[in-house]
There are 2 protein chains.
Amino acid sequence: MDLPAHITAALAELHYGEAPDTLYDPIRYIMGLGGKRIRPLLTLLGAHLFTDDLGPVTKPALATEVFHNFTLLHDDLMDQAPLRRGQPTVHEKWNPNVAILSGDVMLVRAYELFFDVAPALLPVVLRRFSQTAAEVCEGQQWDMNFETEATVSIPQYLDMIRLKTAVLLGFCLELGALLGGAPAEDAEHLRQFGTDIGLAFQLRDDLLDVYGDAATFGKRVGGDIVSDKKTYLLLTAQAQASAAQRAVLARHIGQPVADADAKVAAVRAVYDELDIRPQTEALINEYFQQALHHLARVGAPDARKQPLHHLALQLMEREK
Amino acid sequence: MDLPAHITAALAELHYGEAPDTLYDPIRYIMGLGGKRIRPLLTLLGAHLFTDDLGPVTKPALATEVFHNFTLLHDDLMDQAPLRRGQPTVHEKWNPNVAILSGDVMLVRAYELFFDVAPALLPVVLRRFSQTAAEVCEGQQWDMNFETEATVSIPQYLDMIRLKTAVLLGFCLELGALLGGAPAEDAEHLRQFGTDIGLAFQLRDDLLDVYGDAATFGKRVGGDIVSDKKTYLLLTAQAQASAAQRAVLARHIGQPVADADAKVAAVRAVYDELDIRPQTEALINEYFQQALHHLARVGAPDARKQPLHHLALQLMEREK
């Protein structure tokens with residue numbers, strides 16, 4: 001089965017509601033902006049390790065995508081982001097109140113997509129989904145808190161990206177395992193596989209912001225530096241800087257930006273002196289290897305694991 | 001059992017989450033502002049018609065109160081309300097982003113309070129809750145839409161208050177009935193009882209805004225008139241006004257307010273000429289009688305129905 005095509009077709013069948021259109025058009029709009037649909041794909045691939053019957057897995061898989069887009073909708077409003085996937089965000093195209101309320105109903109619709117799960121599994125699935133949903137909110141709140149905090153430790157930062165990004169990827173795989181009838185131990189290894197891939201992926205995003213190829217990255221290179229974002233790279237540099245390097249960072253971070261290119265160049269020079277790039281790559285690799293270790297311990301045939309392995313490599317851009 | 005005391009005690013036991021406190025303090029704050037806790041009371045009274053074992057009903061009953069406060073939190077933000085129960089609203093005390101995100105996690109926590117429901121009942125309870133939650137969002141969106149719409153019909157208005165306010169009260173009773181083991185028909189009569197009481201209650205609120213006693217109403221009398229709110233009273237007056245009366249309304253509604261007292265007096269004079277008060281009272285009474293009719297048809301002993309009957313009278317302030 002062509003899973004991405006299956007996901008696209010199933011998403012197109014979803015009905016979010018009719019009236020008022022100011023409530024439901026924004027949901028159709030953000031869901032229609034596309035994206036890689038990684039989360040439902042992870043759920044389906046997780047289930048396929050244990051079953052060929054993906055029919056009952058499809059709607060719960062879509063729930064993860066609806067939930068993810070709900071978080072994007074509300075996060076874009078909170079971050080006052082003008083664009084999402086190159087298109088106006090919902091609060092820009094409509095208004096902030098519409099973004100709040102259509103986001104709220106998206107969260108309800110995400111829950112509804114679970115309700116056909118077999119009654120024996122439904123409580124555990126919903127408990128794990130709800131725990132994950134709360135953790136994603138916690139991650140977003142930490143991220144916002146960090147903007148105004150003077151010091152953020154590296155463990156605090158890693159915990160924030162774990163909550164904000166990684167736990168949902170872990171849940172998607174665990175969900176697939178539970179629905180596919182996996183033993184609890186396998187579901188747990190898959191959850192950890194997804195979480196570690198998520199951590200690696202987010203750190204790779206931090207790295208590409210500074211060292212990525214502008215042509216393929218899709219965002220402005222150095223954007224995190226210009227906006228003083230406390231990334232793994234910056235926090236590591238601040239922790240390891242000499243007095244002179246600390247002075248360079250202090251002259252640029254949290255100060256009015258006269259020349260963005262000069263700021264990026266100066267901060268990157270400190271990163272280069274401190275070997276921040278290879279250090280970040282080493283941590284990414286550590287999470288990636290840990291992820292593969294968890295996947296290896298899942299009790300399913302290697303042939304069935306291959307698409308997950310391949311997807312993990314793709315997410316790391318180690319394979320096209 | 002003293003149900004209000006039971007609800008207060010059970011609410012005090014709820015744990016919403018620990019960190020970050022910027023996420024969870026606002027939840028504890030709004031839940032701590034008090035209120036009449038009508039919704040969980042309706043659920044417990046609905047269940048008590050059919051069972052003496054209210055233990056398994058308590059957490060789902062609290063879910064309705066957490067959900068209700070979630071809607072207050074987000075609605076206050078959307079309406080830019082400065083005060084809630086005489087205290088600063090969450091977006092005022094913290095900021096709008098905190099209000100968005102702690103509201104989101106409240107909706108998750110509301111769902112979680114259902115997950116101990118017996119597996120055989122869980123899907124139907126969650127489906128009905130989710131449908132109700134989406135309808136409440138629809139009602140709020142219609143309410144916001146109406147602010148900028150030139151014409152709103154009376155059926156449109158009644159449908160808006162049904163969605164925004166009444167369906168949740170209906171659900172609370174239906175939930176109690178389902179958890180108490182009621183036959184489907186009784187659950188449906190209770191749902192309709194609650195919905196009709198909700199409609200009557202909201203219309204009574206519209207009426208008290210204009211004709212209430214300032215000392216006991218708790219809000220500024222005439223506030224709806226000053227803010228051009230399209231209430232049942234205004235829409236009925238506009239529909240029945242003579243050319244001269246229409247001109248008086250047009251001179252005041254949707255115009256800059258030079259003298260608020262004069263505006264209230266002028267609009268109220270038109271209401272008085274058109275007998276808007278007795279007309280509204282008649283409609284309130286119609287919904288109230290319809291509610292009692294549904295309660296009468298529920299197959300439970302009259303003695304058990306008495307507290308619900310009494311509560312309905314209290315809500316209408318026909319009995320203290």
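**Aromatic pairs in a predicted two-chain model**

By the ring-pair rule (rings of Phe, Tyr and Trp, the last by its six-membered ring, with centres within 6.5 Å), the count over all chains comes to 16 aromatic pairs. The model is predicted, so that local features need pLDDT of at least 70 and side-chain atom pairs count only at pLDDT 80 or more, while totals for chains, interfaces and linings use all residues. Residues are numbered from 1 along each chain as its sequence is written, chains are lettered from A in the order in which they are written, and side-chain values use heavy atoms, with hydrogens and water left out.

**Exercise 1.** Classify the ring pair of B:Phe67 and B:Phe70.

*Solution.* A pair of aromatic rings is described by the distance of the centres and the angle of the planes. Here the centres are 5.6 Å apart and the planes stand at 50°. Planes under 30 degrees apart count as stacked, over 60 as edge-to-face and the rest as tilted, so the pair is tilted.

**Exercise 2.** Classify the pair of B:Phe67 and B:Phe129, and state which parts of chain B the pair ties together.

*Solution.* The centres are 5.3 Å apart and the planes are at 80°, so this pair is edge-to-face. B:Phe67 lies in helix α4 and B:Phe129 in helix α7 (residues 122-148), so the pair ties together parts 62 residues apart in sequence.

How values were computed:
Helix = DSSP H or I, 4+ residues; strand = E, 2+ residues; numbered from the N terminus.
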